[in-house]
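Here are my notes on the model, point by point. Please read them with the structure open.

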Amino acid sequence: MIQKSEEALTYLSNGEFETAKSLYSVLLDRDPEDLATISGYYISSFWDHRLDLILKTREGKERGKLLLSLFSDFETEIRKRGYHTTDSFYVTQDCILKEARDHLKLAYQWEGANALDKDLLRDLAACLIKIKDYTMALEVLLYGGNKQSPVLLYFLAETQVMTGNERDGIDTYRTAFLNDPQLFPHTMVRWPPLLTLIQKASEITEKEEEMKELVPVLAWREGVFRPPVKKDEATIQIWFSELKRLTDSKQRSGGSFRLEARIEQFALAIIHSADDIRSRDAVLFAKGFV
């Protein structure tokens, strides 16, 4: 039985979904309650039913785009069913996203960054990060992406830290979280320090939106985000202005978890990044919130 299960995973990893489905059908007859088997049968069936459409679609940009679209639907369904931690999901994710990468890579090489619109570029970067192809993801983001895009900043940060450039990656993560914590793609993170903080935040709150706000606060508290050198005065003044805006909003609205977390994030950023003398007013104001 174990051998058949391993064979089925091998067929899934090779994109041989019909054969994998047949094997999982046999395994399901033997143990209809086994989660790994149920997951494998559902996953192999999902892709087997869509294989003709995939193969009929033109290679390159069109097929790559289709694969990413189908995978997005697939991942949503898998998470709803609770199959996202099974081996069958991981090997299929690797298979589909590598195939999508190869087709979009062709389009990228043939036509350059202009071949991929903003949304497709974002999807390609996400695809590459999920299959841990950080080198190509970094290339796409640096030469083809809008590095000021709030979402792509998170992707860029993850690729930087995972290719050994932790100093720039941490700085990029700091900027991304200060821009908008709600855009944090936490399911794609593999960098150990941030994974630890995600786990800690998830133990404090069960709400995903609150966890996203809490992660950067913990990163500042625990020293992960503390910069090796002080920030320039212009940047500190921008943060100071935002901190005052947030506190004014709190006074008017009465506050919320999200607002409190953002106030603390900006306060900690100022305290740990500003020169105490040059930015005295900003630092003193920020210390009132931590």
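1. Contact first: two residues are in contact when they have heavy atoms within 4.5 Å. By that rule, and not counting residues up to four places away in sequence, F74 touches I43, F46, W47, F89 and T92.

2. What you have here is a predicted model, in which local features need pLDDT of at least 70, side-chain atom pairs count only at pLDDT 80 or more, and totals for chains, interfaces and linings use all residues. Residues are numbered from 1 along each chain as its sequence is written, and side-chain values use heavy atoms, with hydrogens and water left out.

3. Confidence. pLDDT is the predictor's confidence in each residue, from 0 to 100. The protein averages 92, and 97% of the residues score at least 70. Helix α12 (residues 208-221) has the highest confidence, at 98. Confidence is lowest in helix α8 (residues 134-144), at a mean of 84.

4. Fold. The protein has 15 helices and zero strands. Both are DSSP runs numbered from the N terminus: helices are H or I, at least four residues; strands are E, at least two. The C-alpha trace spans about 70 × 45 × 35 Å along its principal axes. Among contacts between residues at least 6 apart in sequence, 60% join residues at least 24 apart.

5. Burial. Buried means under 20% relative accessible area, exposed over 50%, and partly exposed in between (1.4 Å probe, protein chains only). Of the 290 residues, 47% are buried.

6. Cores. A nonpolar core is a set of buried Ala, Val, Leu, Ile, Met, Phe, Trp, Tyr and Cys residues joined through side-chain atoms within 4.5 Å. The largest has 49 residues; W47, F74, L116 and F155 touch the most other members. Elements giving two or more residues to this core include α1 (2-13), α3 (35-48), α5 (61-81) and α9 (150-162). Apart from it lies another core, of 43 residues, among them L214, F266, I270 and A274.

7. Y83. Leaving aside neighbours within four places in sequence, Y83 is in contact with L35, I38, S39, Y42, I78 and F89.

8. K132. This residue is found in the loop between α7 (118-130) and α8. K132 has a positive phi of about 65 degrees, although it is not a glycine. K132 is exposed, with a relative accessible area of 54%.
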